[in-house]
Amino acid sequence: MNIEIPKVELHVHLDGSVRLETLSELSGLTLEDTFHQAVVPKNCESLSEYLTCFDLPIQVMQTRENLVRIAQELGEDLKRENVIYAEVRFNPLAHTKEGLTKEEVVDAVLEGFSKVDIPINLILCMMRSASLEENSEVIMLARQYWNQGVVALDLAGDESKYPTSDFATLFEIVRNVGIPFTIHAGESASFESVKSAIQMGARRIGHGIHAIEDEETLQLLKDKNILLEMCPTSNIHTKAVNTIKEHPFWQCYQMHIPISINTDNRTVSFTNLSKEYQTLAQTFPVTFKDFCAMNTQAIAASFLEDEQKVKLQRTIDNYLKQFSE
Ligand SMILES: [Zn+2]
């Protein structure tokens with residue numbers, strides 16, 4: 001059932017989802033060495049350690065040709081799993097080390113997506129470790145490509161080292177420019193981080209795992225209809241939760257907080273969306289109708305125009321119809 005459900009993925013990093021075979025070919029490393037460098041070890045201790053798995057992919061994602069190929073392959077992987085719409089994210093400034101301009105980087109990724117016949121948009125990531133100037137460049141880039149392949153901004157990076165509350169000025173700029181945004185929050189930091197992200201105007205929250213610890217934060221998510229982009233396997237790897245049983249996804253769903261299921265990083269976490277659905281279905285009493293309801297929530301919280309949302313929702317409705325006849 002997991003493969004055939006029409007799915008929407010809202011939280012997937014391009015650099016964390018480069019096919020292992022491609023990464024091995026482009027880096028010249030053996031498949032085994034590539035695996036050890038780019039897939040998180042079983043005994044991963046923290047988000048900081050998890051983030052070291054991005055070094056190798058970023059090294060090879062410095063040419064137009066490689067960026068086009070990697071984006072296209074991710075698009076193909078998404079399509080194979082019956083993903084009907086995806087918002088893929090990355091930090092464009094990480095790919096200008098060998099001379100590409102930031103515009104050339106975005107163009108290459110969009111070209112890769114255009115070779116796949118499912119709609120895919122980009123979310124540009126600002127980084128917690130970057131300066132205000134660098135992040136402002138990403139904001140301007142998002143404005144330049146606004147509704148031409150780029151639909152939103154994000155804040156990514158190590159939340160335990162750089163608290164969300166430090167980015168009030170940054171998000172004031174984003175709000176003034178008028179670009180919607182999601183923020184990675186409540187992954188390696190507490191519910192306070194989620195609260196800060198909500199206060200700053202985030203339309204969605206990346207992970208938001210620790211929101212479960214605070215009634216008020218949960219109520220805010222519900223009242224403001226803010227979706228949590230949940231990534232179960234990744235959350236275990238970064239120690240945001242200890243076991244899948246402790247994952248708050250089911251509790252949040254039952255509390256009517258909008259959620260969606262995502263991979264975060266297909267390669268780093270050695271997963272795909274079907275595996276995520278499978279893992280959850282084995283642990284919680286979730287049915288395919290619940291999964292469809294989560295995808296409906298994902299469509300509603302996507303950064304698409306209403307007209308496109310209606311079209312996607314029709315695909316889910318048609319899929320469900322075959323079970324009621
Ligand atoms: Zn993420």
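Alanine 185 stands opposite histidine 207 in strand E6, where strands (E, at least two residues) and helices (H or I, at least four residues) are DSSP runs numbered from the N terminus. The model is a predicted one, in which local features need pLDDT of at least 70 and side-chain atom pairs count only at pLDDT 80 or more, while totals for chains, interfaces and linings use all residues. Residues are numbered from 1 along each chain as its sequence is written.

Strand E6 (residues 204-207) runs parallel to E5 and is joined to it by 4 bridges, two strands being paired if DSSP finds at least two bridges between them. Both belong to an open sheet of 4 strands with parallel pairing, in the order E5-E6-E7-E8. Because strand E5 (182-185) and strand E8 (259-261) each have a single partner strand, one side of each is left without a neighbour in the sheet. From one strand to the next, the twist averages 25°. Helix H9 (residues 191-199) lies across E5 and E6 and runs at about 165° to E5, with axes fitted as lines to C-alpha atoms, for helices over the stretch in contact (C-beta atoms, placed from the backbone, within 7 Å), and angles running from 0 to 180 degrees between N-to-C directions.

The largest nonpolar core has 93 residues, and those with the most contacts inside it are Val109, Leu153, Leu228 and Ile259. Such a core is a set of buried Ala, Val, Leu, Ile, Met, Phe, Trp, Tyr and Cys residues joined through C-beta atoms within 7 Å, a residue being buried if 20 or more other C-beta atoms lie within 10 Å of its own, exposed if 12 or fewer, and partly exposed in between. Phenylalanine 284, in the loop between helix H13 (273-283) and helix H14 (288-301), counts as partly exposed because it has 17 C-beta neighbours inside 10 Å.

Methods: Contact = placed C-beta atoms within 7 Å.
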